[in-house]
Amino acid sequence: MSAAAVKVVKRKAKGFRAEVGMILGSGMGGFADQIHDAVAIPYKDLPGFEVSGVAGHAGRLVLGYVGETPVAVLQGRIHYYEHGNPTGMRVPIETLRLLGCERLIVTNAAGSLKPAVKPGGLMLIRDHVNFIQQSPLLGLSGNGRFVDMVDAYDPEMRAHLRKVAAKMKIKLEEGVYAWLAGPQFETPAEIGMLRKMGIDAVGMSTVPDVILARYFGMKALAVSAITNMGAGMSHESLSHEHTMAQMETASRKLTQLLLAYLVQL
Ligand code: HPA
């Protein structure tokens, strides 16, 4: 199916070859407006691309340039909790690879478990815990599925992003992200357990995307936009509306940071 999707892309954006792929999570869709000479293709025209039913996910593949860097951006993603299938992003991510992307940048909204990292802040993911132990590689055959996950979040890409952030005076903490299935938020007891385990942020995406990126031989980088403290750590009550409202500050910062990163590649 990825080959069929690539065929559609080649027809709509003749001769285009991407270097960097991106997945824009909740509230980050506006990043795509910053891409110049853009060609947007709705997921419904791309075989194997599933449309997310979550508010804030447009469902388009946007091809174009940030500075001189050619990018292929997935504006919206399907989540495990939408159908209980961890393989939902396999075709879109393989398509990015086939379009030339050697790197993948993933963004998400997440809850912070670190008192020092507050809503509106950013956390660069250093490593993850696949807490629900689901894999997007289920059902594949061959030795390639036994993916090495050491340094899955590419140390060079992280160092470069930290440098860009420091230059821009954007605070960028680093930490460990845990994937929980959702769609319900965690209980305070679950957050208490995760904190004891050394988890810094929690969310409902990204981990399967990064496993797929590594499977397809791409370097990966992921940043969480912190929308709330983990359940029970503050008095705010959690909802998708709350997440989206808090994303405004964080996503503005994250958009500026990633634009600068891509321009300087
Ligand atoms: N938990 C899980 N996913 C999230 C959260 C959270 O607290 N905030 C945003 N996405």
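Trainee: Which polar side-chain atom lies 3.4 Å from a nitrogen atom of the ligand?
Mentor: One from T227. Keep in mind that this is a predicted model.

Trainee: And what does N228 do there, in terms of distance to a nitrogen atom of the ligand?
Mentor: A polar side-chain atom of N228 lies 2.7 Å from a ligand nitrogen.

Trainee: How much of the ligand does the protein bury?
Mentor: The protein buries 96% of the 260 Å² that the ligand exposes when taken alone.

Trainee: What about A109, side chain or backbone?
Mentor: Backbone. A polar backbone atom of A109 is 3.3 Å from a nitrogen atom of the ligand.

Trainee: Which residues surround the ligand?
Mentor: Among them are A109, A110 and G111. F185 and E186 also belong to the surroundings. So do V202, G203 and M204. T227 and N228 complete the set.

Trainee: New topic, helices. At what angle do α4 and α7 cross?
Mentor: Roughly 115 degrees. Their axes come within 10 Å. Helix α4 covers residues 155–167, and helix α7 covers residues 240–263.

Trainee: Is that crossing left-handed or right-handed?
Mentor: Right-handed.

Trainee: Which residues meet there?
Mentor: From α4, look at M157, H160, L161, V164 and A165. They meet L257, L258, A260 and Y261 in α7. By class, this contact has 8 nonpolar residues, 1 polar and no charged ones.

Trainee: Now the loops. Where is P183?
Mentor: In the loop between β7 (172–179) and α5 (188–196).

Trainee: Is the peptide bond from G182 to P183 cis or trans?
Mentor: Cis, with omega near 0 degrees. Most peptide bonds are trans.

Trainee: And Q133, is its phi positive or negative?
Mentor: Positive, near 50 degrees. Most residues other than glycine have a negative phi. You will find Q133 in the loop between β6 (122–129) and α4.

Key:
Residues are numbered from 1 along each chain as its sequence is written. This is a predicted model: local features need pLDDT of at least 70, side-chain atom pairs count only at pLDDT 80 or more; totals for chains, interfaces and linings use all residues. Side-chain values use heavy atoms; hydrogens and water are left out. Axes are lines fitted to C-alpha atoms, for helices over the stretch in contact, and angles run from 0 to 180 degrees between N-to-C directions. Helices (H or I, at least four residues) and strands (E, at least two) are DSSP runs, numbered from the N terminus. A crossing is left-handed if the near helix is turned anticlockwise from the far one by less than a right angle, and right-handed if clockwise. Contact means heavy atoms within 4.5 Å. Ala, Val, Leu, Ile, Met, Phe, Trp, Tyr, Cys and Pro count as nonpolar, Asp, Glu, Lys and Arg as charged, and the others, Gly among them, as polar. A residue is near a molecule or strand if one of its heavy atoms lies within 4 Å of it. A polar contact is a pair of N or O atoms within 3.5 Å; within protein, one must be able to donate a hydrogen and the other to accept it, and residues adjacent in sequence count only if both atoms are side-chain atoms. Accessible areas come from the Shrake-Rupley method with a 1.4 Å probe; for residues, only the protein chains shown count as cover.
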